[in-house]
Amino acid sequence: MDPEQLDEFVMGYLKKKGFNGAAKQLQDALHHNNNNNNGTGSSSSFNSTDYHNDPELTKLIRSFSQSENDPTRYRNGYSNLRSWAYNSLDLYKHELLRVMYPVFIHCYMDLVGKGHTQEARAFFNSFRKDHEMIHLRDLQKLEGVLVPSHLEEMEFARSLRQSKVNIKICQYSYDLLLQYLHRTESTLMLGIINEHINFQVYSGQPNSSSDDIDAVTIVGSFQETADHVNQKEIQWGLLEDSLEDRLEKTGSLLTDSEKGQGESKDGDVDDSNKKRSTEIGKQGSSLKKLKKDKAGNATAKVARQETSTVSPAPRVKSELALPVMSTDVEESILEDLRNRVQLSSVAMPSVSFYTFVNTHNGLNCASISHDGSLVAGGFSDSSIKVWDMAKIGQAGSGALQGESDTNDQVAGPNSRRNYTLLLGHSGPVYSATFSPPGDFVLSSSADTTIRLWSTQLNANLVCYKGHNYPVWDVQFSPFGHYFASCSHDRTARIWSMDRVQPLRIMAGHLSDVDCVQWHPNCNYIATGSSDKTVRLWDVQTGECVRIFIGHRSMVLSLAMSPDGRYMASGDEDGTIMMWDLSTARCITPLMGHNSCVWSLSYSGEGSLLASGSADCTVKLWDVTSSTKLTKAEEKNGNSNRLRSLRTFPTKSTPVHALRFSRRNLLFAAGAISKPTS
């Protein structure tokens, strides 16, 4: 490169980067130098620096002088960095590989931004397999970025460009990366890393845990927004004058020994199949089985000690006008609460699993009533089917038939069908939920509507219209009357049974809102989204008051602890995260499932968490120990798996629904599937 070309390139570079003052000084110096060379004057002071003859500086400028529009620089730079990271020592490899995904997506977006569409597609397809296991959803979205205008029009791409990635890395791994970049003069890769990655360098050896949930986090404008939102005050306590409060004040909670004595009087009359099946619906025989398996008073004493160590939740007032509960329903709930079995890590629940057969892959969702006596299934053919467990027991059949060969179209007094068929939707049914007393069922569908059904009349009462796209989930409030829904239109909505229009619309998620859950005090709802975040919304104002960031894939299930202090969320990768609502911080990730977590449920006293997954298992987690971890224990990668108390595998049944009853019997449901050969 001759001196004139070098001068011209430096001048153009300074102007392009906005260093106009420096460019003007260089131009004046070059002009003065030319005048001196044409005349008889001596060499200028500028020429005394003589950067033309400095080999190191010339080499650096030559690397910059390569056309910035040359797309091969991105492929070569990334390919070399990738080979170096994969060939590193195993001790440091998993930390160095964390850098590759941010570099990959920004190389791709830079290529698109410069108009190299074909080269960008070739680059994307060449290296996408490295990241599909963890970032498949993001890659599918990024695949739609094809022209420079998409980088501004698509919210996902724009947020990536404006944000930085925090990566935890040990000092030695950080030094190795810098040495490589400087030794190979990878100025392009160095620039991308410098612009889009923040390194959190810690001393000592690399963390042995490759699934550290905080190892890679996104920061930037969205993180700043979340931090600002999470400063808002929330009232996470329970409602004043609740039924639980009344029981505590009157001291009418029965001990396990008293419950055992009361139930032993009924033991001799439990002879026939009819009596036994009826009591399954009312949880009588299942509770007996639970107590036979446990060590009686000693176990109950341990359970009471564990629950008593938790500070009581504060009491708050409801922001909603709650419905008046009928005397019969109130007495039924109080009776269940009096007979609740105290669970703990040493007192495990009994599990009643309802298996759907002959569904032909048509079951989309399942729901279980609060006492386990009713089970509903939503199907792809737009139908809803409701089974009464007591009637199934009387008929002598324990299977939930998804489809029947006879009498499937008409329901009459002589019908052999053992379920109630509810027809009304015009698209697949994606969610169903029972009201707390079990007298109503809500369903949501791809037809954008929500329907209210009566389990007593077996008829559709109301059709609620408001969403513009398929409605993924709908949930009754803990006191009934109000319900919440969420949709592909990126919104969640609050409704009441007596109005056909929504009362509140919650907008803010960047993608589909996939699941919704009420807080126990009915003042808040939580929503999980495909944008990998969970949000908490104030029901009265419709305002977002918490944003929970940490999941690496779409959030599919949510559960609130009975005291309203904690929340659990499950995602597509099988990770469950427990959150403190007051601080919006993740207490601990629970690792164990290897597929989507479709359902979560806390036990009545909040000491256990049950999770149901597409990996055909139900897992029980010790919530008490999970919320008492020290900081040192949180850093230990192996501690995650110690909190799984027990795993219940099914034959070949993905778990669609879970529910702890008020008496702490665990119900689950799913459709049996043929194992893949």
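Modeller: Buried means under 20% relative accessible area, exposed over 50%, and partly exposed in between, with a 1.4 Å probe and protein chains only. Buried residues make up 50% of the 677 residues in the protein. This is a predicted model: local features need pLDDT of at least 70, side-chain atom pairs count only at pLDDT 80 or more, and totals for chains, interfaces and linings use all residues. Residues are numbered from 1 along each chain as its sequence is written, and side-chain values use heavy atoms, leaving out hydrogens and water.

The protein has 23 helices and 33 strands. These are DSSP runs, numbered from the N terminus: helices are H or I with at least four residues, strands are E with at least two.

Now to strand β30, residues 617-622. Six of its six residues are buried. Both faces are covered. Thr617, Lys619 and Trp621 lie on one side. Val618, Leu620 and Asp622 lie on the other.

Next, the partners. Two strands pair if DSSP finds at least two bridges between them. Strand β29 (residues 608-613) pairs with β30 in the antiparallel sense, over five bridges. The hairpin of β29 and β30 has three residues between the strands. There, Cys616 takes a positive phi near 70°.

Strand β31 (residues 644-649) also runs antiparallel to β30, joined by five bridges. Here Lys619 has Thr647 of β31 as its bridge partner.
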